[in-house]
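Please read this account alongside the sequence and the 3D structure, keeping the space around the ligand in view.

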Amino acid sequence: MSDDSHPVPSRRLFMTGSVLGLGSLVLAGASDAKDIPTGPTGRPQPELEQEPPLPADKQLGWAVVGLGHYAQQYVLPALGRARRSKLTALVSGNADKARTVAARHGVKTANLYGYDTLGRLAQNREVDVVYIVTPNSSHAELTVKAFEAGKHVMCEKPMANSSAECQRMIDAARAAGRKLMIAYRAHWEPHNVRAQEMRDAGALGKVWFASSDHHRPLDPSRPRDQWRVKKAIAGGGSLVDIGIYSLNGLQWLLGESPNAVSASMFSPPGDPRFTEVENVFTAELVFPSGARATISSGYTADKKRIDLWGDKLVATLDPATAYEGNRLTVSNAQKAEEVLTESSAEQFTGELDHFSQVIAEKGEVRTPGEMGLRDVRLIEALYRAASTRQWVELNADMTMKNG
Ligand code: NDP
């Protein structure tokens, strides 16, 4: 299957190749200059850096569920820029907000739903895909409802708060004959993609060790952090919220999943933010090849980083999973070199259009529900390891041995 939903070079791209490409276009144009009439006139189709959107009737219609920070700041604008995807409906528990957001993004009021009326999407042929962007504890229930309405579902990370819920979501997709994707946007982020390609091609040499650290401050004065301090809603602390980027990223970048883990976690006593969920989580992962990785996550510092320690080169993504401004450098004791400087902004449209494309062309989802389940099983094993202070061994399907 062709996959043209990879991020394409943006206008902010700085790469020798595109500079050379522009130069040759300018030269070609110059030789034709004498033929251009001096008055206004039509000209041939220009070469575009970014392919134009498909005609509206070829784009898939998306309903976004939960109009919080991430949905409004990143998802809705990305749907406005996407090639194969368009926003057609909103689902919200706040009808006033939904009307305001609908007016801003051109959604008609007939296509506004509440959580209690989500099932009525079954009658709406303008909606092909439902994107769940609500707090973690509601992912499973809303996903199952969307499948019952006959829609395809993209669900935010973490997929759910337990592997049993993840399995229920996968079963619902199968029963409905629809596709399920977990929104791991780094798989469409150009620096992450390049690091994965470099490791895969052997450019880093043997990678026996990797490390990844994901930290961001937790501030319950912000509405989006209020549910993150509640275990029943968030499912856990920094590990499930941002440590999951380390877990998912390392498995992708190393091309294997761990078969044993040890872990510990810590919350400073007396801090009211951490009575239910952990602040700092650290773990060691052992892979079937023998490779090792360490991860840390935390709710104090602000840094998202991945290092792949090859015997030829160390690849460093820093930041690794930011919304914008990610960077990839390779280094050894003698030199450090930036590999790519490219906008990260189209990771969002890349992931949306990938899902629309695989639905339209009956392809394979790059980050399917099974991947989300795998990661939630790993999270369960890590919490077990941290609470028992014992190594936890994992089967190939990431269920716990003796578990
Ligand atoms: P917010 O709190 O900003 O938004 C969540 C929205 O969900 C709310 O605005 C509300 O929308 C709806 N909601 C339904 N029930 C509840 C409830 N009990 N408490 C709070 N909100 C509720 O959260 P985020 O946008 O930061 O996170 C939403 C999801 O997206 C999470 O799963 C998170 O892990 C994920 N996420 C993913 C990111 C990524 O990069 N992939 C980045 C950030 C978050 P309404 O009022 O419309 O009903």
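Predicted model: local features only at pLDDT ≥ 70, side-chain atom pairs only at ≥ 80, totals over all residues.

Residues are numbered from 1 along each chain as its sequence is written, and side-chain values use heavy atoms, with hydrogens and water left out.

Rolling a probe the size of a water molecule over the atoms shows where empty space is left. On a 1 Å grid over the protein atoms alone, a cavity is a set of points where a 1.4 Å probe fits but cannot get out, whereas a pocket is an open set with protein on both sides within 12 Å along at least five of seven lines, and lining residues have an atom within 4 Å of a point. Grid points are joined across faces, edges and corners, and a volume is the space filled by probe spheres set on the points.

The largest pocket has a volume of about 890 Å³, and of the 32 residues that line the largest pocket, Tyr70, Arg216, Arg224, Arg228 and Tyr323 are the closest to its centre. Two or more lining residues come from each of helix H2 (69-81), helix H7 (223-226) and helix H9 (238-254), where helices (H or I, at least four residues) and strands (E, at least two) are DSSP runs numbered from the N terminus. By class, the lining of the largest pocket holds 14 nonpolar, eight polar and 10 charged residues, with Ala, Val, Leu, Ile, Met, Phe, Trp, Tyr, Cys and Pro counted as nonpolar, Asp, Glu, Lys and Arg as charged, and the others, Gly among them, as polar.

The ligand sits in the largest pocket, in the sense that more than half of its atoms lie within 2 Å of the pocket's grid points. Of the 24 residues around the ligand (a heavy atom within 4 Å), those that come nearest are His69, Ser92, Lys97, Tyr115 and Arg185, and this shell divides into nine nonpolar, nine polar and six charged residues. An oxygen atom of the ligand is 2.8 Å from a polar backbone atom of Leu67, a polar backbone atom of Tyr70 is 3.0 Å from an oxygen atom of the ligand, and a polar side-chain atom of Lys97 lies 2.7 Å from a ligand oxygen atom.

By the grid rule there is one cavity of 30 Å³ or more, and the largest cavity has a volume of about 50 Å³. Its lining includes Tyr184, Arg185, His187, Tyr245 and Trp252, and the largest share of that lining, four residues, comes from H9.

Most residues other than glycine have a negative phi, and most peptide bonds are trans. The bond from Lys157 to Pro158 is cis, with omega near -20 degrees, and Pro158 is found in the loop between strand E5 (152-155) and helix H5 (163-176). The bond from Asp318 to Pro319 is also cis, with omega near -5 degrees, and Pro319 lies in the loop between strand E12 (314-317) and strand E13 (328-331).

Notes:
Polar contact = N/O pair within 3.5 Å; in protein donor to acceptor, adjacent residues only side chain to side chain.
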